[in-house]
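Biologist: I am new to this protein and would like to learn how its features are read, one at a time. Could you show me the model and then take me through it, giving the general idea before each case?

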Amino acid sequence: MKIGIFADIHGNFLAFEKIYLELKKETCDLYLFLGDVCGYYYRQDEVIDILLDIPHLAAIQGNHDALFLDSLADENKMRQYTKTYGRSFEVLKDKITPRHLAFLKGLPKEFYLKEEGIAAVHGSPWNPLQEYIYPDVPPDRFTGLPYKVVMLGHTHYRMDARFQGVRVINPGSAGQPRDGGWPAYARYDTRTQKLEIIPVHYPVHLLEEEIKKQNDHMP
């Protein structure tokens with residue numbers, strides 16, 4: 001099985017559009033999105049439109065996706081998010097359609113390919129939404145996990161590491177990388193176990209213009 005993996009788009013349609021064009025060339029058996037459509041940037045609805053168009057897509061919920069759904073029902077949470085992270089939630093609230101909302105509400109917190117020994121979460125196997133897994137995590141935390149491979153996002157850092165016999169893969173962020181590189185996605189072959197993480201360039205200056213247009217701040 002050939003899997004295309006991506007995570008943490010955060011409303012950056014300009015970056016994700018470029019990644020989507022590359023993903024379409026991959027002709028994967030499965031496309032795996034590891035969470036966080038929402039937050040930071042403003043074209044979250046357009047990102048969802050692309051996700052809904054991807055065949056053979058398995059998608060899970062990220063912490064910002066859950067925060068957005070919570071904020072819809074709580075004005076105080078909406079204000080606090082805006083104060084901390086910028087106006088992205090307010091923009092999505094004004095633009096969201098029933099189709100987009102149904103997509104976000106339908107995202108599970110975990111996904112498994114049991115026959116391949118693969119688990120997919122946004123954060124960690126123990127805390128699917130919130131915990132950050134970096135290469136310096138204590139290896140013994142993975143002792144006894146019933147998976148060969150854990151695929152995750154959340155940190156916005158690319159990673160391919162092994163802990164107690166468990167391979168941990170993070171494709172990096174498709175919209176807001178924090179490891180000094182470009183947005184990226186990954187390609188994984190379950191037969192050969194070969195992983196490639198592919199950076200994709202996009203017009204960053206256009207995103208900067210979107211931020212200025214919103215008169216927003218970035219954390």
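Modeller: Let us begin with exposure: a residue is called buried under 20% relative accessible area, exposed over 50%, and partly exposed in between, with a 1.4 Å probe and protein chains only counted. Helices are DSSP runs of H or I with at least four residues, strands are runs of E with at least two, and both are numbered from the N terminus. This is a predicted model, in which local features need pLDDT of at least 70 and side-chain atom pairs count only at pLDDT 80 or more, while totals for chains, interfaces and linings use all residues. Residues are numbered from 1 along each chain as its sequence is written, and side-chain values use heavy atoms, with hydrogens and water left out.

Biologist: With those terms in hand, which residues of helix α6 are buried, and which are exposed?

Modeller: In α6, which runs over residues 98–105, the buried ones are H100, F103 and L104. They lie on the same side of the helix, because they cover an arc of only 95° around its axis, the arc being that of the directions from the helix axis to the C-beta atoms. P98, R99 and K105 are exposed on the other side of α6.

Biologist: What covers the buried residues of α6?

Modeller: Here we need contact, which means heavy atoms within 4.5 Å. The cover of α6 includes α2 (44–53), β3 (57–59), α3 (63–72) and α5 (88–95).

Biologist: How many residues of α3 are buried, and which are they?

Modeller: Seven of the 10 residues of α3 are buried, and the helix is therefore described as mostly covered. They are N63, H64, D65, A66, F68, L69 and S71, and they pack against α4, α5 and α6. In α2, the buried residues are Q44, D45, V47, I48, I50 and L51, and their cover includes β1 (2–6), α1, β2, β3, α5 and α6.

Biologist: How should I read a nonpolar core, and which residues of the largest one touch the most other members?

Modeller: In soluble globular proteins, nonpolar side chains tend to be buried together. A nonpolar core is a set of buried Ala, Val, Leu, Ile, Met, Phe, Trp, Tyr and Cys residues joined through side-chain atoms within 4.5 Å. The largest one here has 32 residues, and F6, F16, V37, L51 and L104 touch the most other members. Two or more residues come from each of α1 (13–26), β2 (30–33), α2, α3, α4 (75–85), α5 and α6, and α1 gives the most, with five residues. Leaving out residues up to four places away in sequence, L51 touches F6, I9, F16, F33, V37, L57 and F103.

Biologist: Which residues other than glycine have a positive phi, and are they buried or exposed?

Modeller: Most residues other than glycine have a negative phi, and most peptide bonds are trans. Two cases with a positive value can be looked at here. T27, in the loop between α1 and β2, has a phi near 45° and is exposed, with a relative accessible area of 62%. Y40, in the loop between β2 and α2, has a phi near 75° and is buried, with a relative accessible area of 6%.

Biologist: How many disulfides does the structure hold?

Modeller: A disulfide is a covalent bond between the sulfur atoms of two cysteines. With the cut-off that a pair of cysteine sulfur atoms lies within 2.5 Å, the structure holds zero disulfides.

Biologist: Where is K109 placed, and what is it in contact with?

Modeller: K109 is in the loop between α6 and β4 (110–113), and it is partly exposed, with a relative accessible area of 42%. Leaving aside neighbours within four places in sequence, K109 is in contact with I60, Q61, A120, V121, P128 and L129.

Biologist: Finally, how many helices and strands are there, and what does the C-alpha trace span?

Modeller: The protein has seven helices and 10 strands, and its C-alpha trace spans about 45 × 35 × 35 Å along the principal axes. Of its 219 residues, 55% count as buried.
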